[in-house]
Amino acid sequence: MSRGWIRLVASVVLLGAAVSPVTAQPKPVSEETVHEVAAQLRCVVCQNLSVADSPSEMASQMRAIVRERLTAGESPADVQRFFVERYGEWILLAPPRRGFNLLVWFLPLVAVGAGIATTAILVWRWTHGRRGARPTPVDVDPAMSERIRREVESGS
Amino acid sequence: MKRLWRWLIPLAALPVLALLAYGFRVNPRDIPSPLVGRAAPSFTLQTLDGAPLSLEAHRGKVVVVNFWASWCYPACYEEAPILERNWRAYRDRDVVVLGVDIQDTREAAEKFIRDFGLTFPNARDLKGTVSVDYGVYGVPETFFLDRQGRIRVKHVSAVTDEVFRATVDRLLSEPRTP
């Protein structure tokens with residue numbers, strides 16, 4: 001009985017010792033996730049490069065911070081917010097789709113749509129709109145008309 | 001109708017021209033920092049002499065945090081003597097200058113400090129965490145903190161005598177408690 005107890009207690013203690021560091025340990029984060037988050041951040045010392053693509057030291061330090069924060073249990077959105085709080089929305093390679101930024105996302109589509117519509121209307125007008133429409137007769141002085149006829153005939 | 005169209009086409013170019021006029025006037029390097037007006041992120045680093053350097057230790061003073069690198073030529077080379085000169089002039093008036101060296105090697109940083117005879121504390125930000133906390137995207141960048149520990153001014157490019165004096169004098173003239 002007592003031996004059984006000791007065994008039980010010992011196994012519980014051992015199990016606890018074995019399990020607790022595992023549960024306390026941060027979850028492993030795949031390089032793919034780090035890359036995904038870093039790819040949305042602008043490399044601050046580069047031009048038009050993401051933190052994921054830049055070979056600069058600053059970008060590598062920022063990747064380390066991304067990895068560290070994800071490992072600590074933060075979500076990709078949390079990490080993004082962390083950088084936005086420090087650098088502003090400028091740090092995001094794609095502006096978030098809300099407020100004034102919607103203009104950037106949808107204005108090009110609206111412009112392309114308006115362009116296609118205008119072209120279509122103009123083309124339709126040129127090809128259909130004037131079919132059958134006779135040129136309006138021009139008032140010409142009969143004497144002038146007679147002179148032109150004579151000169152054309154004598155010239156040929 | 002025809003007359004309206006004749007006016008509408010040049011008028012349509014106006015918004016585009018206005019956008020261009022705005023775009024060409026704005027300096028793309030001038031990125032507004034969301035940190036201005038907010039509490040300065042605290043940090044603890046080690047100076048190149050091995051002494052601890054923490055922002056907390058200087059609470060209640062006007063603090064000038066300068067991010068630099070030895071490879072940042074010429075701007076960092078221009079401002080180093082200016083920072084040293086003004087640090088000496090203001091150090092007895094509750095003003096402190098803290099240098100943070102980023103993306104640099106120890107040897108190059110030590111040589112830079114030696115060459116300019118810098119006497120204010122300088123520390124290396126080895127992991128880049130302080131730089132990111134301050135939203136630094138290049139060197140030199142200088143942050144002026146008021147006595148309450150708030151970032152009041154972010155200065156990009158070399159600090160001049162005028163900028164240093166005007167900013168620090170303004171912050172010193174403010175009452176000690178808000």
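Two residues are in contact here when heavy atoms lie within 4.5 Å of each other. With that in hand, let us start with chain A, where residues 24 or more positions apart account for 42% of the contacts with a separation of 6 or more. The model you are looking at is predicted, so to speak of local features a pLDDT of at least 70 is needed, and side-chain atom pairs count only at pLDDT 80 or more, while totals for chains, interfaces and linings use all residues. Residues are numbered from 1 along each chain as its sequence is written, chains are lettered from A and ligands numbered from 1 in the order in which they are written, and side-chain values use heavy atoms, with hydrogens and water left out.

Chain A has six helices and zero strands, giving the pattern α-α-α-α-α-α along the sequence. Helices (H or I, at least four residues) and strands (E, at least two) are DSSP runs, numbered from the N terminus. Chain A has 156 residues, and 18% of them count as buried. Buried means under 20% relative accessible area, exposed means over 50%, and partly exposed is in between, using a 1.4 Å probe and protein chains only.

Now turn to chain B and look at helix 5, residues 161-173. The expected span of a helix is 1.5 Å times one less than its number of residues. For the 13 residues of helix 5 of chain B that comes to 18 Å, and the end C-alpha atoms are 18 Å apart, which agrees. Which residues of this helix are buried? They are Asp161(B), Phe164(B), Thr167(B), Val168(B), Leu171(B) and Leu172(B). Seen down the axis of helix 5 of chain B, these buried residues fall within an arc of 155°, so they line one face of the helix. The arc is taken from the directions that run from the helix axis to the C-beta atoms.

What do the buried residues of helix 5 of chain B pack against? Their partners in chain B are strand 3 (62-68), helix 2 (75-90), strand 4 (95-102), strand 6 (141-145) and strand 7 (151-156).

The term stands for a side-chain nitrogen of Lys or Arg within 4 Å of a carboxyl oxygen of Asp or Glu. Glu141(B) forms one with Lys154(B), the closest N and O atoms being 3.3 Å apart. Glu141(B) lies in strand 6 of chain B and Lys154(B) in strand 7 of chain B, so the pair ties together parts that are 13 residues apart in sequence. Glu141(B) is buried, with a relative accessible area of 1%, and Lys154(B) also counts as buried, at 16%.

The side chains of Arg152(B) and Glu174(B) meet in a salt bridge of 2.7 Å, N to O. Arg152(B) sits in strand 7 of chain B and Glu174(B) in the segment after helix 5, 22 residues apart, and the pair links distant parts of the chain. Arg152(B) is partly exposed at 25% relative accessible area, as is Glu174(B) at 21%. Both belong to a network of salt bridges that also links Asp146(B) and Arg150(B).

His58(B) has 16% relative accessibility and counts as buried. Leaving aside neighbours within four places in sequence, His58(B) is in contact with Leu53(B), Val63(B), Val96(B) and Leu98(B).

Finally, consider where the chains meet. The contact takes 16 residues from chain B and 16 residues from chain A. The area buried between them is about 1400 Å², of which carbon and sulfur atoms give 57%; buried area is the accessible area (1.4 Å probe) that two parts lose on being put together, summed over both. Two salt bridges are found across the interface of chain B and chain A. Helix 4 (residues 129-133) of chain B gives the most to the side of chain B that touches chain A, with four residues.

The structure holds 20 salt bridges over all chains. The side chains of Lys127(B) and Glu68(A) meet in one of them, at 3.6 Å, N to O. Lys127(B) lies in the loop between strand 5 (122-125) and helix 4 of chain B and Glu68(A) in helix 3 (residues 57-71) of chain A, so the pair joins two chains. Lys127(B) is exposed, at 53% relative accessible area, whereas Glu68(A) counts as partly exposed, at 45%.
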